[in-house]
Number of protein chains: 2
Amino acid sequence: MTPVLYELRGRDDRLRFSPFCWRARLALAHKGIEAELVPMLFTDKSPIDFCDSTTVPVLKDDFGVSMDSYDIFQHLDEHYPDAGHGPLIGDALARARLNFVKVYAEQVMAVGFFRLVALDLVQAIHPDDREYFQSAREARFGMSFEEFHDVEIARGILDSAFKPLRGLLGNQPFMDGESPAAADYLIFGFFIWAHIVSDTSPFGETEDPADPLVQWRERMMDLHDGMARKSPRASEIPQ
Amino acid sequence: MTPVLYELRGRDDRLRFSPFCWRARLALAHKGIEAELVPMLFTDKSPIDFCDSTTVPVLKDDFGVSMDSYDIFQHLDEHYPDAGHGPLIGDALARARLNFVKVYAEQVMAVGFFRLVALDLVQAIHPDDREYFQSAREARFGMSFEEFHDVEIARGILDSAFKPLRGLLGNQPFMDGESPAAADYLIFGFFIWAHIVSDTSPFGETEDPADPLVQWRERMMDLHDGMARKSPRASEIPQ
């Protein structure tokens with residue numbers, strides 16, 4: 001069978017912005033695997049009724065069903081070890097250190113992106129999903145989206161979170177060395193998420209083309225035949 | 001020849017606190033290599049006149065001379081690949097991710113430790129070295145040690161820097177997975193440095209024994225026959 005990736009869609013079917021689905025998409029491209037992309041809504045999860053997950057991404061292929069972007073990385077490394085550009089996660093030592101990158105991305109950096117684009121995100125989501133999404137997230141944040149969305153606070157969080165990324169990427173072209181792998185996709189998922197739903201730059205009013213992190217983002221946008229760069233942005237699709 | 005590790009000594013020859021020398025020491029122990037430890041002062045670098053370095057650690061063994069703690073890791077992996085507890089750095093993917101841990105330790109976390117113990121550090125240093133050390137560092141910081149030493153600011157920096165370490169170490173016993181390797185030694189160098197020169201805890205007035213980072217530090221203190229725990233602290237040695 002052709003592998004199938006179930007992912008979140010937005011108000012327009014061309015809007016696919018979930019950071020976790022992007023990790024899975026990029027991981028498939030890394031392995032040179034073409035998958036059928038099947039959209040799902042928060043309020044209609046019937047496409048993934050066949051499995052235990054209530055979230056996407058979900059990958060289904062000849063080897064079984066894999067849920068959660070990190071499990072998809074593992075699944076791909078296990079069943080397609082040398083395909084395309086090689087391992088995503090690597091051996092035990094590489095995996096242990098990838099776990100640090102993952103925690104850093106999700107527990108330190110992600111909230112900065114969320115606060116940068118929260119209100120844009122609501123507008124990019126499918127109308128049927130908005131009430132569910134907004135009330136669930138507001139309960140988690142303990143504040144309204146109007147308060148949570150704060151570009152100045154967001155850029156403060158991001159500028160601090162970007163510091164070690166800049167330090168690293170001043171010395172090597174990708175998080176994972178000479179070429180990208182799982183660490184790059186883990187981090188970049190949040191960049192492409194924000195890029196698709198919002199025109200607000202995470203870097204400030206102007207971007208410095210000499211910034212190693214800006215340069216890395218551009219390299220990531222170009223990867224795998226420019227799949228991230230070609231993905232339509234919310235601002236390009238009329239409401 | 002018996003490998004020789006050149007390292008910094010303090011006001012008493014038993015006081016060996018340099019975070020970078022500790023990385024090298026722990027890496028040697030990891031490989032099961034017994035080295036002769038030769039002390040050096042900032043103001044008398046004659047012991048390392050034989051090489052190009054002006055800083056310690058320096059390792060000299062049958063395979064040559066290796067300077068800088070990271071180069072020592074590489075040297076040990078190259079010449080003693082399977083000795084003791086195995087690779088320190090690992091393959092290309094593991095190395096790329098280790099570089100992130102290194103940048104994080106040095107560019108985000110270290111300054112917190114330094115601000116926590118700056119004045120204690122001056123007292124632990126050899127009297128001949130104090131003026132040199134203090135004036136060189138004050139020029140770098142742009143403030144006096146009296147201003148720089150600020151436990152409250154330090155704990156704020158550390159609490160923030162510790163967040164992803166706690167997130168990771170809640171899921172795995174060591175930075176490098178089931179057992180320690182280079183990432184643990186890179187980070188722990190700063191913990192043992194502060195521990196030796198000062199009685200001020202990086203965790204606050206009281207330490208929570210349920211904190212995964214406190215638990216990791218204790219495991220690191222016990223490693224390799226408790227070498228870190230056995231190392232004398234400045235407060236145990238009269239001025």
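Author: A residue is called buried when its relative accessible area is under 20%, exposed when it is over 50%, and partly exposed in between, with a 1.4 Å probe and protein chains only. Helices (H or I, at least four residues) and strands (E, at least two) are DSSP runs, numbered from the N terminus. This is a predicted model, in which local features need pLDDT of at least 70 and side-chain atom pairs count only at pLDDT 80 or more, while totals for chains, interfaces and linings use all residues. Residues are numbered from 1 along each chain as its sequence is written, chains are lettered from A and ligands numbered from 1 in the order in which they are written, and side-chain values use heavy atoms, with hydrogens and water left out.

Five of the five residues in E1(A) are buried. On one side these are Val4(A), Tyr6(A) and Leu8(A), and on the other Leu5(A) and Glu7(A), so that both faces are covered.

Next come the neighbouring strands. Two strands pair if DSSP finds at least two bridges between them. Leu5(A) has Leu37(A) as its bridge partner in E2(A), and Leu8(A) has Met40(A). Between E1(A) and E2(A) the chain passes through helix H1 (residues 19–30) of chain A, in a right-handed β-α-β crossover. Right-handed here means that, with the strands pointing away from the viewer, the path from the first strand over the helix to the second runs clockwise. E1(A) also pairs with strand E3 (residues 58–61) of chain A, this time in the antiparallel sense and over three bridges. In E3(A), Val58(A) stands opposite Tyr6(A).

Contact means heavy atoms within 4.5 Å, and 30 residues of chain A are in contact with 30 residues of chain B. Buried area is the accessible area (1.4 Å probe) that two parts lose on being put together, summed over both. Between chain A and chain B this comes to about 2300 Å², with 67% given by carbon and sulfur atoms. On the chain A side, Leu93(A), Arg97(A) and Phe100(A) lose the most area to chain B, together 33% of what that side buries. A salt bridge is a side-chain nitrogen of Lys or Arg within 4 Å of a carboxyl oxygen of Asp or Glu. Two salt bridges are counted between the chains. Arg97(B) forms a salt bridge with Asp176(A), and their closest N and O atoms are 2.7 Å apart.
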